[in-house]
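The sequence and structure come first.

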Amino acid sequence: MRNKVAIVGAGMTPFGEHFDRGLEQLAADAYRTALAGVDKGIDPADIEAGFFANVMGSLGGNEIPSGATLANAIGLPGLPVSRIENGCPSGSDSIRIGAMAVASGVHDVVVVVGAEKLRERPTKESLLESGRVGHPILSYANTAATIFAPQAARHMHEYGTTREQLAMVAVKAWDNASLNPNAQRQASITVDDVLNSPMVCSPFTVLDSCPQSDGAAAVVLCRADIAHRFTDSPVYIAGVGLATEGLYYHEKTRMTGWDCTRLASSRAYEMAGITAQDLDAVELHDCFTGTEIMTYEDLGLCEEGAGGKLVESGDTTLRGRIPVNPSGGLLAKGHPVGATGVAQVVELFGQLREQAGARQVSLRNGKALQHNVGGYSVGISVVTVLSRD
Amino acid sequence: MVAAGSYTPSFSVRRGRHRVLVANGDEDAVTLAIEAAQDCLTRYEGPVDELHLAFARPELVNGPQAEIVREAAGLDAGVTVSVSAGDSLAGLAALAAAMNAVQAGRVRSVLLVATESGDSERVSAGAVAVLVADSDAPALRPGAQRSAGDVVYGNWTDGDGVRHLGDGRYLDRYVADHAKAALAALIAMDGPPPAAVTGVAAAAVATACGSDRSAVLPDRGVAGPLLAVLAAGSAATGSAATVVATTASRAVALSIEVDAGTRPLLPTLPGPVPELPEPIDVRSSPPLSLPGSSPFFRRSARELLRLEGARCDGCGHVVFPPSQRTICPSCHGYGFTPAPLSRTGRVYTFIVNRFLPTGFGDQMILVLAELDDGSRYWAPTSGMGPDEVEIGAAVELRVRRFTDDGGAPVYAMKFVPPRTARDGAGSTGATTESRNVA
């Protein structure tokens, strides 16, 4: 599928607490922004199918968990739309599936929209309701934090990763987000701020954790060979990989990272014909600071166990060797779950087209990587490699 | 009686003038019974034909509690189960019935469990299990029982247990009279004094019957009389002894013989237990992702209560939970054989969660442990504070309650400190649990 599918338009809403906008409005806002971002314009009638990433519909949100929700929100009732729910990678999986629909020849132009309203319900009844999802006993009292923290604790034990190193991830994310007008966090913080914020779930404090966000993001995908109709500077989907791993904690073979990320990234790298050394930018799933450190290792950005030292070295800052999460990441841009993966691709679309303004990374090879990991027990990962040629 | 086991919880509180052992918030009559039954069965290799459960509370009789205990004790559905609930002498009645059944050759063995959740003011929580079997080996042999009682107005029973509305000295006198009458009916009055006394007004009974004060055992409710039998039997190897157990209205005297060479059956009782300023009460707990009434729990009961995985017949890989893993991820075979997982292990990683969904409380510790057989298990802790959990620490898996969800409780494994740590490094100080603390 390498370079058979192009991204020709991308857009997103600001992420944050959109108390005045509902799910459908946010989805439509992102869709309109993506269409407006198509350089040569696009007629909605050109769109042949839609893919809709939304998670809260499965967790007791007010959304009707249906493709028809998106079709009606964007004024295209009748459009074939699938709703895709695959945990935190829902957005990136929707892009992957949309790309496969195009690469297979079934559709020429599709739209992918991820949208989420986490703030529609009070904090303890929103994403935390995942505490009542899954196996009544083996998933007992799970929350977003409890499914990522055990690995962080083990990583600290095995490799001496420190809470200060974790905190540096958050500091970097907030610094980048302050350059991104769509980011939820618009301030700078210090390592001490992170360490002194209230403990959520050891070893994660509030500032080690991403916020709960509302927001939406959208991309327009088409056959690479017709991309010139829409833009002179498309971004190509060079490789995609999805992988699963042991579902329950006791079935996971490694507790210092995620095997599904390793498998998904190796599949995406292979499809794209590149290695981690070829990347100019990475948007990875930093739902918690520790997740970013371990994902450095899982994506091959550094050796196993060296993630803490990598962030400490400054190599993953905007001007570093391999900038990670120039958008501000989930930690500071925000994490409206279904929209997250799509928004990461929106960011990299801008980076690879050198339209990222103050947070533009320097391009050497024109390759960038998107990554999500999650899914209630963190058993699924999606990796997408994008290329400007 | 060829084997015995017991379980007492790890916390003590003062209730009025009394210091009693109390169960943790996720322990109850069911989990206590499971603990005692498992403890007993570690000392007995033979078959179990019948299981009898003696509860203190009648509302437990018609629920699933007895079957939960059977399953968790590893007894198959073919084992005959019977249940009684009543006064604290229910265990002795069940013991007599079990002896009769075995002596008549109707069954080979009966596992008898008496379980006391300690809800009333003066009664300690705990459970005792004894195995009655047809055996030629040296054993503790319960003999005849005689009871005596009369109409005692002024006794009142409510949720807090038996109270006497009149002068407490009336009660001492009435109960002592019952005990003497029961003893007289059992043996000649010039026989040896009771070796163990338990129940209401036990101190007055001991004095009236000429027993030493050391014969007085703490009130453990429905579990008390069977513990008294074991205590007396352990002190009387190669001879006979009597035991007296009382309620406010009735006393039972029981004779026992102990064959020469019988190993003491008295289970290890806890040493000093940590005092808590307030009784633990975290019995309320949020609903699970499925209610206890769901068919899910019927399908999953065996694997969750026994911690039973399945071993692949082709390659030996062990899966859990077997109800969800019917194809081997290692060799892709379809054939499996049940395989219990180890109940002991060490913390591999853990978290202390301080931000929980509505209803879950302020803090929860969750542990992923590497079990001694190499498998892993993830569960909450019970009775462990954050300071007691660290990577590498020894832990055990025990059955505890996860929710009581409107009277449909659900039980599964939680991590607890290893038994040696819980029991004060093996102390057998049975009398450290003092009554009538001034």
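Chain B is divided into domain 1 (3-258), domain 2 (308-342) and domain 3 (343-430), with bounds that come from an automatic or database domain assignment. The centres of domain 1 of chain B and domain 2 of chain B, taken over C-alpha atoms, are separated by 42 Å.

This is a predicted model, in which local features need pLDDT of at least 70 and side-chain atom pairs count only at pLDDT 80 or more, while totals for chains, interfaces and linings use all residues. Residues are numbered from 1 along each chain as its sequence is written, chains are lettered from A and ligands numbered from 1 in the order in which they are written, and side-chain values use heavy atoms, with hydrogens and water left out.

**Chain B overall**

The secondary structure of chain B comes to eight helices and 21 strands; helices (H or I, at least four residues) and strands (E, at least two) are DSSP runs, numbered from the N terminus. Of its 438 residues, 55% count as buried, where buried means under 20% relative accessible area, exposed over 50% and partly exposed in between (1.4 Å probe, protein chains only). Contact means heavy atoms within 4.5 Å. Among contacts in chain B between residues at least 6 apart in sequence, 68% join residues at least 24 apart. The accessible surface of chain B is about 18,200 Å², and 51% of it belongs to carbon and sulfur atoms; such areas come from the Shrake-Rupley method with a 1.4 Å probe, and for residues only the protein chains shown count as cover.

In the loop between β13 (250-258) and α7 (295-306) of chain B lies Arg263(B). Arg263(B) is exposed, with a relative accessible area of 60%.

**The interface**

At the interface, 36 residues of chain A are in contact with 35 residues of chain B. The two chains bury about 3,300 Å² between them, 64% of it on carbon and sulfur atoms; buried area is the accessible area (1.4 Å probe) that two parts lose on being put together, summed over both. Arg132(A), Ile137(A) and Tyr140(A) supply 24% of the area that chain A buries against chain B, more than any other three residues.

One salt bridge is counted between chain A and chain B, a salt bridge being a side-chain nitrogen of Lys or Arg within 4 Å of a carboxyl oxygen of Asp or Glu. The side chains of Glu251(A) and Arg325(B) meet in a salt bridge, 2.6 Å from N to O. On the side of chain A that touches chain B, the elements giving two or more residues are α4 (149-159) and β5 (199-201) of chain A. The largest share of that side, six residues, comes from α4(A).

**Helix α2 of chain B**

Seven of the eight residues of helix α2 (residues 65-72) of chain B are buried, so this helix is largely enclosed by the rest of the structure. What covers its buried residues includes α1 (29-41), β4 (50-55), β5 (80-85), α7, β20 (394-403) and β21 (410-416) of chain B. After α2(B) comes Gly74(B), whose phi is positive, near 80°.

Glu67(B) and Arg70(B) both lie in helix α2 of chain B, three residues apart, about one turn of the helix. An α-helix has 3.6 residues a turn, so residues three or four places apart point the same way. Glu67(B) is partly exposed at 39% relative accessibility, whereas Arg70(B) is buried at 6%. Glu71(B) is also buried, at 12%. Salt bridges that share partners join Glu67(B), Arg70(B), Glu71(B), Asp76(B), Arg302(B), Arg306(B) and Glu308(B) into one network.

**Salt bridges within chains**

Over all chains, the structure holds 42 salt bridges. The table gives some pairs.

| Pair | N to O distance |
|---|---|
| Asp39(A) and Arg353(A) | 3.1 Å |
| Glu67(B) and Arg70(B) | 2.6 Å |
| Arg70(B) and Glu71(B) | 3.3 Å |

Asp39(A) forms a salt bridge with Arg353(A). Asp39(A) lies in the loop between α1 (23-36) and β2 (49-53) of chain A and Arg353(A) in the loop between α11 (337-352) and β10 (367-374) of chain A, so the pair ties together parts that are 314 residues apart in sequence. Asp39(A) counts as partly exposed at 44% relative accessibility, and Arg353(A) as buried at 13%.
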